[in-house]
Amino acid sequence: MTTGAPPPIRPARPRRSGPLRFLPLGIAAWLVLEIWLLTVVAGATSGFVVFLLLVGGLVLGSAVIKRAGRRAFRKLSEAVQQQQSGVTPAPETGGGSALTMLGGLLIILPGLVSDALGLILLVPPVQKALGRYAERTFERKVREATPGGLGDAFQQARMHRPDGKVVQGEVIRDDEPPTRSPRPDDPQLPH
C-alpha cells in the first residue's frame, strides 16, 4: 500500500572525466610499484639499507620544504614592506617555491619513484619549464571559462589601467536611481 508520496529522487552523480576515472587505479599501481622496488633493493642489499634510504628521504624532504617555506615567507614579507613604502614590488617569475615544496613532499613519501620525481622537481630548469606550462594552462582555462563561472568572476574583478597595470577592485555606482519607489510601510531614517 502506498501513501501517495512520490519516491525520493536521487540527484544524478556527475560523470568523471577519463583521467579522473582511472586515478584510483593509477594510485594503486604506483603504490605496488613503490613496494616492489623497495623489496628488490632490500633483496639486493639489506633491509637496513632500505631503512636508511627511507629515513634519509624523510630528513632531506623535510629540509627542502623548510627551506622553501622560509624563502617564500621572506619574499612575502619583502613584498609587503615594499608595498607599505609605496614601491611597486617586481612580479615574481616562475612558481619556484611551490614546486620546491612539492619536490620535498615527494621526497618525504616513502618510495624510490617518488624520491626520483621529487629530486627532478628540485632542478631549476625543470621548475621554470613546469612553472611556465602551469601559468599558460591556467591563463587558457581562465580565457575559456564559461560565463558565470570562476574564470568570469576572476576576469570581472580585474581593472586595467591605461599603462597596462592591473588594479584589483570593483565599481560601485552611487548615481543610479533606486530600482523601486519607497513604500509607506518602509522604515524611515531620522533626519
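Modeller: Before counting anything, note that helices (H or I, at least four residues) and strands (E, at least two) are DSSP runs, numbered from the N terminus, and that this is a predicted model.
Biologist: At what angle do α2 and α5 pack?
Modeller: Helix α2, residues 23-44, and helix α5, residues 112-121, pack at an angle of about 105 degrees, and their axes are 7 Å apart.
Biologist: And what does that make them to each other, parallel or perpendicular?
Modeller: Angles of 65 to 115 degrees count as roughly perpendicular, and α2 and α5 are therefore roughly perpendicular to each other.
Biologist: Which residues meet there?
Modeller: From α2 come Trp30, Leu33, Glu34, Leu37, Leu38 and Val41, which meet Leu112, Val113 and Ser114 of α5; in this contact of α2 with α5, seven residues are nonpolar, one is polar and one is charged.
Biologist: Switching topic, is Arg67 buried or exposed?
Modeller: Arg67, which lies in helix α3 (residues 47-84), counts as exposed because its relative accessibility is 59%, and exposed means over 50%.
Biologist: How far is the C-alpha atom of Arg67 from that of Gly104?
Modeller: Those two C-alpha atoms are separated by 9.8 Å, although Arg67 and Gly104 are 37 residues apart along the chain.
Biologist: Last one, what percentage of the whole chain is buried?
Modeller: Of its 191 residues, 13% count as buried, while the chain exposes about 16000 Å², with carbon and sulfur atoms supplying 66% of that area.

Note on methods
Residues numbered from 1 in each chain as written. Predicted model: local features only at pLDDT ≥ 70, side-chain atom pairs only at ≥ 80, totals over all residues. Heavy atoms only, no water. Axes fitted to C-alpha atoms, helices over the stretch in contact; angles between N-to-C directions. Parallel < 35°, antiparallel > 145°, perpendicular 65-115°, else oblique. Contact = heavy atoms within 4.5 Å. Nonpolar A, V, L, I, M, F, W, Y, C, P; charged D, E, K, R; others polar. Buried < 20%, exposed > 50% of the residue type's maximum accessible area, 1.4 Å probe, protein only. Areas by Shrake-Rupley, 256 points an atom, 1.4 Å probe, with all protein chains shown as cover.
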